[in-house]
Amino acid sequence: VPGRSRDNPVTATFLSRYRLNKEGSQKETWHIEFDLAECGLDYEVGDCFGVFPTNDPGLVEAVLEALEAPPDFPIGGRPLRAVLTDGVSLSPAPDMLFQLISYLTGGERRQKAKALAEGRDPDGDAAVLDVLAALQKFPGIRPDPEAFIESLDPLQPRVYSISSSLKSNPGRVSLTVDAVRYRVNDRTRLGVASTFLAGRVKPGDQIRVYVQKAQHFALPADPNKPIIMIGPGTGIAPFRAFLQERLATEAPGPNWLYFGHQRSDFDFFYEDELKAMRKTGH
């Protein structure tokens with residue numbers, strides 16, 4: 001069925017995003033919206049939404065530079081830059097890449113590459129070696145671009161909890177996404193899909209998506225039953241959907257939402273929305 005698995009996605013239109021955190025917050029949490037009207041995709045509260053992202057263009061250019069390969073080198077009928085952008089994962093570095101590197105170098109460097117290919121950690125840095133860092137660790141190697149691409153893992157979709165109810169938002173779906181950015185040595189690493197949604201995708205862009213049905217995670221069939229929802233961090237996403245659904249269906253059962261141990265953990269603008277729900281008894 002189209003749009004019901006990663007193997008058969010549909011395209012949806014990216015609508016908008018806005019940052020939920022208040023000024024001065026150290027968190028970077030975004031409210032993301034897609035239009036599902038054209039693709040006809042639907043969902044239930046509790047379901048998840050799969051998104052096919054692209055890699056950061058700056059990282060792609062850095063990999064091309066480290067490879068010393070022309071960006072238009074043909075790979076399966078597509079330019080190398082395009083394949084690096086949406087076809088392969090650039091983090092973490094897979095064992096096959098180190099195996100390829102071991103064929104292209106010698107001496108101590110070959111032994112290190114072989115050790116990394118076998119899952120060992122000769123220099124204590126294996127945990128932070130993404131594809132670019134791996135190439136920089138073994139400077140001067142020049143793998144054939146096609147062999148290089150074949151040594152990498154496919155770029156996988158990322159799955160997020162849906163934070164909206166179709167009954168409240170017909171034809172739309174929203175996500176609550178925490179953008180991942182962190183420093184490793186002298187470089188900022190980026191969460192592939194989170195920073196894609198937080199900045200690289202533009203309103204109107206067509207994105208491949210799908211709905212992943214929830215297993216044993218749903219509202220009770222009886223609307224009179226009370227529900228207790230506990231979600232730390234951006235785990236609030238599915239519970240926002242549950243509250244919207246209860247409000248839209250006028251479910252009489254009481255609802256309790258607990259989130260975070262410290263107020264600063266949840267310094268974002270859903271606060272006003274939750275206050276409005278509280279006034280209605282939800």
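Start with Arg-208 and Phe-52. Arg-208 lies over the face of the Phe-52 ring, 4.1 Å from the ring centre. Keep in mind that this is a predicted model.

How many strands does it have, and in what order? There are six, in an open sheet, and the order is 6-3-10-1-2-7. The pairing is antiparallel. Strand 6, residues 158-161, stands at one edge, and strand 7, residues 172-178, also stands at an edge. Each has a single partner strand, so one side of each is left without a neighbour in the sheet. From one strand to the next, the twist averages 40 degrees.

Let's walk through some of the pairings. Strand 1 covers residues 10-19, and strand 2 covers residues 29-35. Six bridges join them, and they run antiparallel.

Look at Thr-13, please. Which residue stands opposite Thr-13 in strand 2? That is Asp-35. And in strand 10, the bridge partner of Thr-13 is Gln-206.

Next, strand 3, residues 48-51. Strand 3 pairs with strand 10 over four bridges, again antiparallel. Here Phe-49 has Val-211 as its bridge partner in strand 10.

A pair of rings is described by two things: the distance of the centres and the angle of the planes. The count here is six aromatic pairs. Take Phe-217 and Phe-242. Their centres are 5.2 Å apart, with 50 degrees between the planes. Stacked, tilted or edge-to-face? This pair is tilted, because 50 degrees falls between the cut-offs of 30 and 60 degrees.

Where do these two sit? Phe-217 lies in the loop between strand 10, residues 206-212, and strand 11, residues 227-230. Phe-242 lies in helix 8, residues 237-248. So the pair ties together parts that are 25 residues apart in sequence. Phe-242 is buried, at 4% relative accessibility. Phe-217 is partly exposed, with a relative accessible area of 33%.

Ring pairs link Phe-14, Phe-34 and Phe-49 into a cluster.

On to the empty space. Rolling a probe the size of a water molecule over the atoms shows where it is left. The largest pocket holds about 320 Å³. Its lining is made of 22 residues. Which lie nearest its centre? Leu-59, Ser-91, Asp-130, Arg-189 and Leu-190. Helix 1 (57-67), strand 9 (187-190) and helix 7 (192-200) are the elements that give two or more residues to this lining. Strand 9 gives the most, with four residues.

Stay with helix 7 for a moment. Eight of its nine residues are buried, so helix 7 is largely enclosed by the rest of the structure. Among the buried ones are Val-192, Phe-196, Leu-197 and Arg-200.

Last stop, Glu-118. Buried or exposed? At 52% relative accessibility, Glu-118 counts as exposed. Find Glu-118 in the loop between helix 4, residues 107-117, and helix 5, residues 131-137. Now go back to Phe-49. The C-alpha atoms of Glu-118 and Phe-49 are separated by 35 Å, and the two residues are 69 residues apart along the chain.

Notes. Residues numbered from 1 in each chain as written. Predicted model: local features only at pLDDT ≥ 70, side-chain atom pairs only at ≥ 80, totals over all residues. Heavy atoms only, no water. Pairing = 2+ DSSP bridges. Axes fitted to C-alpha atoms, helices over the stretch in contact; angles between N-to-C directions. Phe/Tyr/Trp six-rings, centres within 6.5 Å; stacked < 30°, edge-to-face > 60°. Buried < 20%, exposed > 50% of the residue type's maximum accessible area, 1.4 Å probe, protein only. Lys NZ or Arg CZ within 6 Å of the ring centre and 35° of its normal. 1 Å grid on protein atoms, 1.4 Å probe; cavity = no way out; pocket = protein on both sides within 12 Å on 5 of 7 lines; lining within 4 Å. Points joined across faces, edges and corners; volume = space filled by probe spheres on them.
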